[in-house]
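Reader: I am new to this structure. Please show it and then take my questions in turn.

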Amino acid sequence: MDIAPIIAALKRQKTAAALIAIEIALSCAIICNVLFLITHRLERSHVPSGVVEDELVYIRTAGIGASGGDDPMVRAREDRAALASIPGVKSATIINQIPFGHSSWNTGVKLAADQQQTSANVGAYYADEHMLDSFGVKLIAGRQFTSDEFLNFDDVLKGKSDPPSSMIITKTLARRLFGDENAIGKNIYLDDTKPTRVIGIVEHLIRPNFGSDLIDADSSMILPVRLSLGYGQFVLRTDPGNRDAVIAAARKKLKEVSPNRIVLDAKTLESARSDYFKQDRVMAGLLVAVVISLLIVTALGIVGLASFWVQRRRRQIGIRRALGATRRQILHYFQTENFLIVTVGIVIGMGAAYAISGWLMHQYELPRLPLYYLPVGAVALWLLGQLSVLAPALRAASVPPATATRTV
Amino acid sequence: MLRYYAWLAARSLKRNPALTALMVLAIGLGIGASITTLTVLHILSGDPIPEKSARLFYPQIDPRTINDYHPGEAPAEQVTYPDGMNLLQAKRADRQALMTGGGAVVLPDDAAIDPFSVDARYTTADFFAMFDAPFQYGSGWKAADDDAHARDVVITRSLNKKVFGGGNSVGKTLRLQSTDFRVVGVLDDWRPTPHFYDLNSARYSDYEEVFLPLSTAMELEFGRNGSMDCWDNTPDGDQLHSPNCSWLQFWVELDTPEKAKAYQAFLNNYSDEQRSQGRFPRPNNVRLPTVMQWLDDQKVVPTDVRLQVWLSFGFLAVCLVNTIGLMLAKFLRRNGEIAVRRAIGAPRREIFAQFLVEAGAVAGAVLGLLLALFGLWGVRQQAADYAELAHIDPTMLLMTLLLALATALLSGLLPAWRACQVTPALQLKSD
Amino acid sequence: MLKMTHLAKAFRTEVVETYALRDFSIHVRTGEFVAVTGPSGSGKTTFLNIAGLLETPTGGSYELDGEDVSRLGDDARSRIRNGKIGFIFQAFNLIPDLNIYDNVDVPLRYRKMSGAERKKRIGEALERVGLSARLRHYPAELSGGQQQRVAIARALAGSPKLLLADEPTGNLDSQMARAVMQLLEEIHRDGATIVMVTHDPELAARAQRNVHVIDGQVVDLGEAPTLRMNVAANA
Ligand SMILES: Nc1ncnc2c1ncn2[C@@H]1O[C@H](COP(=O)(O)OP(=O)(O)O)[C@@H](O)[C@H]1O
Ligand SMILES: [Mg+2]
């Protein structure tokens with residue numbers, strides 16, 4: 001199809017053609033970015049936690065009042081043991097924080113005692129000897145803690161003991177702090193007294209609070225510190241199918257062994273993840289709705305305008321038909337015309353998409369729109385344009401040639 | 001004349017019902033989306049305490065170590081217990097309160113109700129007067145009660161209903177953790193939005209239901225909620241009383257700008273004085289933001305909400321362009337009609353008016369309104385903790401109307417202008 | 001050139017079926033210049049539409065240039081229209097979005113013709129109607145007579161064997177009408193077959209043969225005697 005006469009005719013219809021092009025450009029710019037936002041959200045909500053999420057339940061408790069002379073340290077260990085003894089529970093631990101949980105413990109770490117600036121802000125898990133098993137975190141290098149390495153949290157808090165002698169860190173944190181060097185055996189300073197030696201590396205362990213930076217999210221360390229009840233929560237590992245039963249049994253058990261505590265929360269870790277990303281999911285859903293609405297509005301706009309165009313040019317089409325144009329040629333005329341206009345729109349839209357992306361980066365700390373979104377958006381809009389123009393173009397093709405002589 | 005145009009418009013719109021529906025729907029959808037997101041933004045960025053937000057200040061000082069010091073950065077976001085108590089006792093402001101969030105377990109007398117946990121606020125006495133908290137019954141406690149670690153509690157209307165079945169419960173006993181408290185006041189419904197005085201907890205939901213003296217809560221070692229920033233070791237492990245851990249919010253009321261200025265000077269003096277005692281190693285870094293400045297500083301409005309506003313306006317722009325195109329096509333199809341009208345003697349502006357009227361302002365407006373209501377209903381179904389706040393208020397109603405009118409007129413402007421450019425003729429040469 | 005026998009054309013609406021043409025037979029020989037007259041609504045335009053393959057007859061047969069075209073498909077008919085037939089309409093029927101040059105170009109565009117060839121033909125056609133100076137004008141900027149001349153140029157550019165004109169002077173004053181008529185006569189002299197519907201007895205008289213249509217039927221095959229010699233000379 002020769003496009004020169006189409007362009008010549010379009011020049012006389014500048015406004016209408018420009019409007020479609022602008023609409024396409026706007027849609028293209030918005031859709032490219034929104035698609036990227038959607039994938040970004042979904043990616044974030046699928047971030048690996050490093051723990052066996054489908055096997056875990058967590059229980060948060062609160063004391064009703066006077067501990068009745070109980071040593072909270074002892075109480076904690078007894079309660080944990082009681083929970084571990086529930087049939088179906090493979091392992092139980094007391095921990096200060098859980099992935100996707102409400103509380104988060106964070107510490108700035110240094111690589112030298114006299115360093116003024118911290119090297120990284122790190123999520124700190126205070127773990128007992130059951131933690132690695134219970135969480136199912138994957139130790140990919142080094143070793144687990146030995147029993148003599150564990151400290152009591154009260155001592156640490158009150159400064160009665162040195163910092164822990166050893167710690168396990170995530171692969172991400174190891175790379176962040178030590179680059180390609182082997183992190184095992186390296187020293188990390190939690191304060192300016194004594195170093196803590198890295199003895200193991202786990203694949204992943206996400207910290208409870210994180211933003212869009214997924215490297216930062218996976219920057220965690222595990223310290224061999226046993227918690228007392230006031231600071232800890234229980235995490236139980238069981239078979240996925242057993243979780244509800246275990247939750248019920250755990251509630252009952254705790255009532256028996258610790259009557260002066262109440263259970264605040266007893267849930268699966270999966271539900272914690274789901275709650276954590278609820279806002280992202282809602283937003284992603286909203287964004288999908290925006291894309292669909294945009295596509296529909298744009299498509300209807302093209303259909304509407306093209307229909308009017310065809311109606312307005314009925315006589316012209318009739319003349320063309322009278323002068324020997326075949327139906328196919330008329331059809332192609334409108335299809336080509338649409339393709340040209342949409343292409344102009346897409347070209348402008350891509351520029352706009354990139355500009356918007358720059359602005360979003362600046363405003364919302366988002367990564368730059370990957371370039372491959374542009375052709376994806378372009379193809380989508382080309383298809384949309386062709387699909388929308390089909391019906392009007394077919395109607396144009398079916399204009400009888402006698403229209404030329406019959407219409408006054 | 002306007003009535004004639006309205007009649008013409010109605011006829012013309014009826015002649016192309018599908019197209020009319022498409023235009024109205026597009027405008028309506030765009031406006032609906034925009035108004036919905038704007039409403040949410042409006043609510044979330046609203047002033048939580050409009051009568052006095054300009055007189056309430058959040059003093060910030062910087063007691064942190066020189067480690068990790070970056071010149072120009074904001075001072076600590078909360079105060080330590082020693083600093084908080086010093087500032088409180090200096091009484092340099094018209095009112096002042098030191099506070100934190102917490103949680104406690106309520107043990108109702110009624111055995112039928114299981115013990116349950118509630119969010120709590122531990123604060124000093126000025127809190128209620130300073131923040132204009134309305135009382136249904138009774139009142140807050142006195143400053144003396146703070147000093148005496150009184151077992152006094154103020155509860156909300158909803159908790160009063162839940163535990164005591166409503167009514168005047170002043171003087172009744174509420175058991176928290178294992179201690180009996182005397183109810184001294186019942187708050188009426190009160191929900192400053194956002195939860196400006198403590199941005200650690202959910203900012204738009206989960207408000208505290210019991211208020212008790214900070215001194216009492218600390219003595220009884222009630223659990224606290226919020227964030228704590230420690231920059232140095234705590235010798236005896238008592239982080240709460242440590243000069244190296246900030247975890248409390250301190251608010252002051254200063255009724256005149258002069259007083260605010262004086263208070264700023266006071267904070268500087270205080271920093272100097274502390275440095276002379278070996279604390280505050282950093283250069284003086286004092287700020288005194290008002291409520292709105294503080295909210296702005298803390299970027300309290302979720303970025304998603306702003307993004308949604310931008311998105312909806314982008315969407316509206318597409319709908320607008322869409323409608324302009326359709327109207328243009330529709331108007332120019334009536335070239336013949338226009339030419340004849342002009343030949344008969346209609347001046348340009350009459351043609352312009354005729355087509356502008358047709359721009360369907362009314363239809364768009366009405367539909368926009370409906371869709372806005374519908375959209376808000378949709379937001380209410382959302383997960384976010386601010387969802388329940390969304391409702392339409394008169395300003396927004398007016399805004400919807402104006403936006404709809406503006407959009408419809410805007411979309412009609414270019415087409416109507418083009419229509420009135422048609423040259424008069426009794427007979428068309430061709431087309 | 002053109003031979004219709006017992007042709008019928010019925011228009012069906014929901015209520016009635018009207019016959020625009022009934023038992024319509026006519027034979028136009030190659031090189032003839034035929035004028036068709038008749039009262040309004042008698043079926044003249046319908047006849048031209050069918051002759052020009054714009055509409056299909058509902059009965060009878062139609063032979064064009066020795067080929068039975070009454071049962072041809074749409075594409076084939078389009079091809080014939082484009083290659084063999086030129087149209088001139090009462091309402092000129094130029095495409096308002098295109099300038100003069102592009103208007104004349106339209107039928108050529110539908111043939112696979114080289115750009116140079118098209119350019120040459122357009123130039124020649126416009127030269128012939130005396131409008132070479134106005135290539136870049138749009139139809140709305142021309143007078144009726146000029147527009148009709150463009151329409152004729154458009155018809156000529158494809159060098160059609162058969163030229164069909166439906167009241168080509170109907171919208172023109174008599175002076176312009178005569179100029180257009182002169183142009184048609186020139187084209188005829190160059191060998192084209194012309195069928196022209198007209199209301200103007202003066203113009204009809206200048207044709208070789210007059211065909212009168214009443215109520216969808218050919219009633220009178222009066223030949224214009226003065227021009228007979230001419231036909232014979234051409235034949
Ligand atoms: N599309 C149509 N539908 C119904 N009737 C038609 C149609 N076109 C023409 N006719 C009828 O056919 C008859 C012949 O019309 P036409 O050939 O246009 O007459 P004219 O001799 O004036 O050119 C008229 O009675 C007209 O009403
Ligand atoms: Mg006619």
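This is a predicted model: local features need pLDDT of at least 70, side-chain atom pairs count only at pLDDT 80 or more; totals for chains, interfaces and linings use all residues.

Author: Residues are numbered from 1 along each chain as its sequence is written, chains are lettered from A and ligands numbered from 1 in the order in which they are written, and side-chain values use heavy atoms, with hydrogens and water left out.

Reader: How much area do chain B and chain A bury between them?

Author: Contact here means heavy atoms within 4.5 Å. By that rule, 52 residues of chain B touch 49 residues of chain A. Buried area is the accessible area (1.4 Å probe) that two parts lose on being put together, summed over both. Of the area between these chains, 65% is on carbon and sulfur atoms, and the total is about 4200 Å².

Reader: Which residues form the salt bridge between chain B and chain A?

Author: A salt bridge is a side-chain nitrogen of Lys or Arg within 4 Å of a carboxyl oxygen of Asp or Glu. The count between the two chains is one. Its closest N and O atoms are 2.5 Å apart, and the partners are Arg41(A) and Asp304(B).

Reader: Which helix gives the largest share of the side of chain B that touches chain A?

Author: Helices (H or I, at least four residues) and strands (E, at least two) are DSSP runs, numbered from the N terminus. The elements of chain B that give two or more residues to this side are helix 2 (17-44), strand 4 (116-123), helix 10 (303-332) and helix 14 (394-420). The largest share is 21 residues, and it comes from helix 10 of chain B.

Reader: Where does UniProt place the transmembrane region feature in chain B?

Author: UniProt positions are given in the numbering used here, feature names are shortened, and annotations may be inferred rather than shown by experiment. In the model, residues 21-44 of chain B are 100% helix, with end C-alpha atoms 34 Å apart. Residues 309-332 of chain B are also 100% helix, and their end C-alpha atoms lie 34 Å apart. The unreviewed UniProt entry gives the feature at residues 21-44, 309-332, 352-377 and 397-417 of chain B.

Reader: How far apart do the C-alpha centres of domain 1 and domain 2 of chain A lie?

Author: Domain bounds come from an automatic or database domain assignment. For chain A, domain 1 is 4-46 + 279-405 and domain 2 is 53-271. The distance between their C-alpha centres is 54 Å.

Reader: Is the peptide bond from Thr193(B) to Pro194(B) cis or trans?

Author: Pro194(B) is in the loop between strand 8 (179-187) and strand 9 (210-213) of chain B. Omega for the bond from Thr193(B) to Pro194(B) is near -5 degrees, and the bond is cis.

Reader: What is phi of Glu221(B)?

Author: Glu221(B) sits in the loop between helix 7 (214-219) and strand 10 (223-225) of chain B. Its phi is positive in a residue other than glycine, with a value near 55 degrees.
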